[in-house]
Number of protein chains: 4
Amino acid sequence: MSDSFQSVLDRIAGEIEATPGRGRPADYIPALAAVDPNRFGMAVAELDGTVHGVGDWQQPFSTQSITKVFTLALALAQEDDELWEHVGREPSGNPFNSLVQLEYENGIPRNPFINAGALVVTDRLQFLTGDASGTLRDFLRAESGNPDLTFDLAVADSEAAHGDRNAALAHFMASYGNITCSVPELLDQYIRQCSIEASCGDLALAAGFLARHGIRADGSTLLSRSRAKQVNAVMLTCGTYDAAGDFAHRVGLPGKSGVGGGIIAVVPGRCTVCVWSPGLDERGNSVAGVAALDRFTTHTGLSIF
Amino acid sequence: MSDSFQSVLDRIAGEIEATPGRGRPADYIPALAAVDPNRFGMAVAELDGTVHGVGDWQQPFSTQSITKVFTLALALAQEDDELWEHVGREPSGNPFNSLVQLEYENGIPRNPFINAGALVVTDRLQFLTGDASGTLRDFLRAESGNPDLTFDLAVADSEAAHGDRNAALAHFMASYGNITCSVPELLDQYIRQCSIEASCGDLALAAGFLARHGIRADGSTLLSRSRAKQVNAVMLTCGTYDAAGDFAHRVGLPGKSGVGGGIIAVVPGRCTVCVWSPGLDERGNSVAGVAALDRFTTHTGLSIF
Amino acid sequence: MSDSFQSVLDRIAGEIEATPGRGRPADYIPALAAVDPNRFGMAVAELDGTVHGVGDWQQPFSTQSITKVFTLALALAQEDDELWEHVGREPSGNPFNSLVQLEYENGIPRNPFINAGALVVTDRLQFLTGDASGTLRDFLRAESGNPDLTFDLAVADSEAAHGDRNAALAHFMASYGNITCSVPELLDQYIRQCSIEASCGDLALAAGFLARHGIRADGSTLLSRSRAKQVNAVMLTCGTYDAAGDFAHRVGLPGKSGVGGGIIAVVPGRCTVCVWSPGLDERGNSVAGVAALDRFTTHTGLSIF
Amino acid sequence: MSDSFQSVLDRIAGEIEATPGRGRPADYIPALAAVDPNRFGMAVAELDGTVHGVGDWQQPFSTQSITKVFTLALALAQEDDELWEHVGREPSGNPFNSLVQLEYENGIPRNPFINAGALVVTDRLQFLTGDASGTLRDFLRAESGNPDLTFDLAVADSEAAHGDRNAALAHFMASYGNITCSVPELLDQYIRQCSIEASCGDLALAAGFLARHGIRADGSTLLSRSRAKQVNAVMLTCGTYDAAGDFAHRVGLPGKSGVGGGIIAVVPGRCTVCVWSPGLDERGNSVAGVAALDRFTTHTGLSIF
């Protein structure tokens, strides 16, 4: 089916090109706002590391919230169930920045993919490793085989200048005793983490362990089969902000999006997919990206449902 | 694998029997509160209608919210996407009776499985067929092959006597123009629907169309492949009240629970499972039922993730 | 100062006439929507029953929520502190129909002047007297000396046809055990109560007991001095929907408004004021009415602060 | 009535002493938790500056939120209505730290007395004067005639160590553009402000301008008559956290409490009262303080209602 993956990608690229109206890039970070909304790339990585791509699939872009999947996996690999005492795994039912539920639930964020929950995961990883963003970068480099993959410090600086919302979340959870590091240290790590640049090809490869039931590219085990399954479950129920139900309904795969316009999706036991196009819908997901994944499951019949 | 389904069920029944602490039956309806919490039954239906069972798998119990899956499918079969103008498909992130989001979202319930959303679906089905509960009963009889499957009017009367919360929801949505029938007619239909009694065997068979990508027991099409996939997606993200994330994480299958203690789960393309045990956890899901499904996916390796 | 009350009223009427832009009448009830928004009347009643008026001060209008002050006083006169177990006395901090806090606070409304709280007060009065709306009508007739004051059944019928929101509130509180009568009986009483027609002169006289520290027109005691003080306190903190702070800030008197365009205000130990003009602001208070009361306290120096 | 003020205070002190059960001091700041909960002082200041006191009325205590009244007045004196574009004046209907409404209302706090609103007021005062806490200290010294009145830096340090909640609020409002100073500068000023120590006698004198319709002790004008009235109105509707309705109902005077156990109250045109006792009820108000003010209005008949 390697041939057919390539032909499916080519077909999707053609269909997407013919479709106008791609939403708008995130505008709160100048470096993101400047990207051409018509860029489009997509890659599929098979279990053995074979990669197929189309369009701008080798172009690095800002990974942003996609990194939350990897820090979650890395923190779970370190401390297992203890992580779930600091963050829940239920959908939030509210926009991704909401403080409301955080207050009603005493500083324990609903899941690892809303910003509050991702801050908690980074806090745990920083506490456990002493260098959360470095640990993440090294993991992504190892899995993708791309030694140049790194932070974009201009994006990080931009985010730091607009970081009041994340600072509010971190201080708020700290007031409940749910943050271990100092807030400035946490925010610095978090912003670096989100600034990592990677391509569709890099990310499809890096997410491969989720399709291989926890096994890394070199054959070693990052997560148990059961843990890998659970990360996929959290992606499906919580991975696309307030549109998780719609994404499950339409695409039918575990997925995680970022405001840089990227989305990764997992077909357990089969392959991983990464798509990138910077124009976002009003819920923060890539318009062309969701459309491309919708076509991918339609054309291939690969859906978990 | 027919043999192994039976042996898996036998193994699970033994494991469950050895586990004390089963929660408490729902106590707001006398007829439900009176049921022995130690009852336990489980059935698997294969795609061709072969059924395997263990324990009280032929014992009828009160289906309650499990019926919401079937009315959703029946309404979608009638009117397709128009239904989604009346009800959303996002997780609610709040306990199942919550009025809060309903108010913030102008009377459109978040999904078809919270009570407000189920009322809307029944309202649509009643509007479209003139007899929502009868349509449901006839469908369940046809799929299960059990002509005796019917309403438990004592349970219906009990519910009617404690129906202020549902009346509030219905009137509230009516105030936004999102209810077509009269509120008393809707409540009557809804209460009858929830009072249907069926066994694990009946329900595993009746849900078979969700494993067969929309095809009914007689080979006719209820839903398109895409629609059937979407119902499974809604079950996964919203099917177990405020524990959908936890259920996906632990069991890894689309599922729908009811306060009667039943749960149905779907392995797309493979089989359906129904388990029953009346003791509930604090979120309204059967304690032994969730534990049994957790073991089912562990023992068989059948998970969508 | 009798002369000066009349001259103050005349002055205010002139100033209001010169001010364009009076908001819009409530439009959910046809009988209210049809009223000319330029109507304006105002009356002051001194402690001894002397009344001064200007404009349409003798014109009956739909009292609506103004009646909530009187049913509160009548229920307190009957059962004293027990009433406060069924309804709170804190500002709601949310629009007047909100179900949100009701849910978080287990069916006990925040105060007697939001709709939920007014339903509870009417329920108590109905339980205690067997005829809440008749008791209210008789009280208003006695205090105003107007034997023709009565219900407007066309308005009541209109409200009944748009009563889903109140039905939702009543059933919701009944689900928490906080309603004693049957919901249909309660709604019928409540709608009749709100439909009472009275003029500015009638209402200024009828509210006189609040300026006389609980003493009725005939010298008998309705409420103790302490109770009367407390009703005024609830009016100040909760009497004008979500604008109580703004009203206190601007007018500086206990007041209660209705969507018919009327407002009553109390100068304890001195007089009562009633103003009517049907055009409402976006928070449901009479635009010209609030402006007139603002001028009244400015011109007379009569403010409680 | 000077004699009778003293005799009323003596009577209240006797009654309070006979009443056991005084609540618990605030425990989140060690310096506050260490205070003996049985301390009790009360002072009345007449319009001409005559002071009457009983018990520990000359003992300095931590003023905490009481300072919010003074910074509000000082900011209003500087910039008038522009302040109300940054903070509302409606009761919050939620506990005093709530972030919920802040989020729904785009970073504009409901009123100047919840913590978020007080931060905004201090931010404005800091922006306008360059030294908010110094301006406040100087004002309190001038009005009380006590040149030793100053900050308690140990309390300020304690608060700084537990300041995550306030930091969260400040960053959150900054994310909406509603904070002008830098967050650390604001927090430093706010914590210093709250740490001011003053006695009942000091504070009764310092609040005198609110009873004198805006006129300072030296006869100069701080606020117009209308502005002073408005500050009193905000105190009445919002001055005692989530118990404003109950306080108005029970005491019937504009009042402002602090977690140090102090409360100031105003009888417009007549006098000011300050009471102190460190034991708090579950809503953060001094138990003996509220009881003493209740008795004060009962014994003197001085209530605004």
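A salt bridge here is a side-chain nitrogen of Lys or Arg within 4 Å of a carboxyl oxygen of Asp or Glu. One such pair joins B:Arg110 to A:Asp242, with 3.2 Å from N to O. This is a predicted model, in which local features need pLDDT of at least 70, side-chain atom pairs count only at pLDDT 80 or more, and totals for chains, interfaces and linings use all residues. Residues are numbered from 1 along each chain as its sequence is written, chains are lettered from A and ligands numbered from 1 in the order in which they are written, and side-chain values use heavy atoms, with hydrogens and water left out.

Stay with chains B and A. Across their interface the rule finds 6 salt bridges. It also finds 12 residue pairs in polar contact, both residues being at pLDDT 80 or more. A polar contact is a pair of N or O atoms within 3.5 Å; within protein, one must be able to donate a hydrogen and the other to accept it, and residues adjacent in sequence count only if both atoms are side-chain atoms. On the side of chain B that touches chain A, two elements give two or more residues: α12 (225-238) and α13 (244-250) of chain B. Of these, α12(B) gives the most, with 8 residues. Helices (H or I, at least four residues) and strands (E, at least two) are DSSP runs, numbered from the N terminus.

How many residues of chain B are in contact with chain A? There are 34, and they meet 34 residues of chain A. Contact means heavy atoms within 4.5 Å. The two chains bury about 2600 Å² between them, with 56% of it on carbon and sulfur atoms. Which residues of chain B lose the most area to chain A? They are B:Lys229, B:His249 and B:Phe305, together 32% of what that side buries. Buried area is the accessible area (1.4 Å probe) that two parts lose on being put together, summed over both.

Now turn to chains C and D. A rotation of 180° with 0.0 Å of shift along its axis superposes chain C on chain D, at RMSD 0.0 Å. The two copies are therefore related as by a two-fold rotation axis. The superposition is by least squares on the C-alpha atoms of residues with pLDDT of at least 70 in both. Of the interface residues of chain C, 100% are also interface residues in chain D, so the copies meet through the same surface. The interface of C and D holds 6 salt bridges. One of the salt bridges joins the side chains of C:Asp242 and D:Arg110, at 3.3 Å from N to O.

Chain A also carries annotated positions. UniProt, in an unreviewed entry, places the feature "binding site" at several residues, among them A:Ser65, A:Tyr241 and A:Val259. Positions follow the numbering used here, feature names are shortened, and annotations may be inferred rather than shown by experiment.

A:Ser65 lies in the loop between β3 (61-62) and α3 (67-79). Its relative accessibility is 8%, so A:Ser65 counts as buried. Buried means under 20% relative accessible area, exposed over 50%, partly exposed in between (1.4 Å probe, protein chains only). Leaving out residues up to four places away in sequence, A:Ser65 touches A:Tyr241, A:Lys256, A:Ser257 and A:Gly258.

A:Val259 sits in the loop between β6 (255-257) and β7 (262-267). A:Val259 is buried too, at 10% relative accessibility. With the sequence neighbours up to four places away not counted, the residues it touches include A:Tyr241, A:Gln64 and A:Leu280.
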